[in-house]
Amino acid sequence: MAKIVTLCKPFLLILSFVFARVVCALDYTEEMFNKTTPKGMLTITEPVQQLHRTLIIADLHADPLLWARDLRVRSQTGHLDIPRLLEGNVGLQVFSAVTQVPFRMKMQNNPSDSDQLPALMMAQAWPAGTWFNVHKRALHQAEKLHALQQSSPEQFRIIKSRSDLQTYLTDRQRNPKQTAGLLALEGVQPLEGSLAKFRLLRDAGYRMMGLAHFFDNEAAGSAHGEKRGGLTEFGRQLVVAMQENGVIVDLAHASAQTIEDVMARVKKPVVVSHTGVDGVCPSVRNLSDAQLRSITATGGVIGIGFWPEAICDISPAGIAKAIRYTVGIVGIEHVALGSDFSGAVTTAIHAGQLQQVTQALVNAGFTEEEIRLIMGENTVRVLMATLPE
């Protein structure tokens, strides 16, 4: 036995070295993919500082649960954590769970059977059951957010109902040094075509679900998928179940046919959590004027993204330009923030710098009442209309 160990030792050392290098490389993945590159930064005036401190700010999409960081600690990596949310006066952050990402991801024609996440899961020491199981990945990310609430109850809480939201907003008036989160799915592939698994994830705290991500799934076609079809029979059943059970339908990444099919079936507001608009930045991913009007006819909101493919110009003024255009098409009551922070994107600002957006909106001629709606009150209205009691 000793001889075998001696013979194998060089190979074990090589294997340990390779594994260590892989882990180190993957530890830097978020730093590589989630960059803050300042562009067109504005001088924040004192009146804008004062206004910003009084806003209810809500952001409809961010992906920090995918990464191996302690969100209680302010970091130079990624775009958000609890300290930076508080610095930016963010009252409500939607935390989306990413559960599958295709290899060599493209804007179109991504296969549904491709997945580059297992290596990341292994390197970040996720439970072994999550490595090749998208449903368990969703459950694990829900557990991570609940653990954050349990460890920092004075600073962070999870919103699951209208009463949760109303209580939190009342408490926050007395103590602004707290923020809240809402759990969302980036694509419903973790349901694996099962309404029973939908109920399990709802019970785990998920209150918003994007029907598709970068590929077609059992429920719906993606704008980036191979077929780009509409709702399947399961998808039609799922949309009904979501609206009956207080789970918000999110049409980010959805194909044109999926959007059309959903519009024919919903009775409550829907959202597009993070997107751009063709009228400002033409893209396969971005929404046409007709789609904007159709979606917001439900009473929902459009979350304007902060990354290049969404708005082309990622500066604060560029964000305000995309918001101004969208307001011109659908009205002030239907526009919101959808940063996509920590979603493998480059932005000009991080969560602690959202004063830049407030200043840009002031510079663009929006009134105080309009800014309050855009920065968060529109999102709060939709949550109050869609969440369970």
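A salt bridge here is a side-chain nitrogen of Lys or Arg within 4 Å of a carboxyl oxygen of Asp or Glu. The model is a predicted one, where local features need pLDDT of at least 70, side-chain atom pairs count only at pLDDT 80 or more, and totals for chains, interfaces and linings use all residues. Residues are numbered from 1 along each chain as its sequence is written, and side-chain values use heavy atoms, with hydrogens and water left out.

Searching the whole structure turns up 14 salt bridges. One of them joins Arg-162 and Glu-389, with 3.9 Å from N to O. That pair links distant parts of the chain, since Arg-162 sits in helix α7 and Glu-389 in the segment after α15, 227 residues apart. (Helices are DSSP runs of H or I with at least four residues, strands are runs of E with at least two, and both are numbered from the N terminus.) At 30% relative accessibility Arg-162 is partly exposed, while Glu-389, at 72%, is exposed; buried means under 20% relative accessible area, exposed over 50%, and partly exposed in between, using a 1.4 Å probe and protein chains only.

On the α7 side, Arg-162, Leu-165, Gln-166 and Leu-169 touch Val-380, Leu-383 and Met-384 of α15, contact being heavy atoms within 4.5 Å.

The second largest pocket holds about 220 Å³ of space. (A pocket is an open set of points on a 1 Å grid over the protein atoms alone, where a 1.4 Å probe fits, with protein on both sides within 12 Å along at least five of seven lines; lining residues have an atom within 4 Å of a point. Points are joined across faces, edges and corners, and the volume is the space filled by probe spheres set on them.) Its lining counts 13 residues, with Thr-54, Ile-56, Leu-169, Arg-172 and Gln-173 closest to the centre. Helix α7 gives the largest share of that lining, five residues. The largest pocket has a volume of about 700 Å³.
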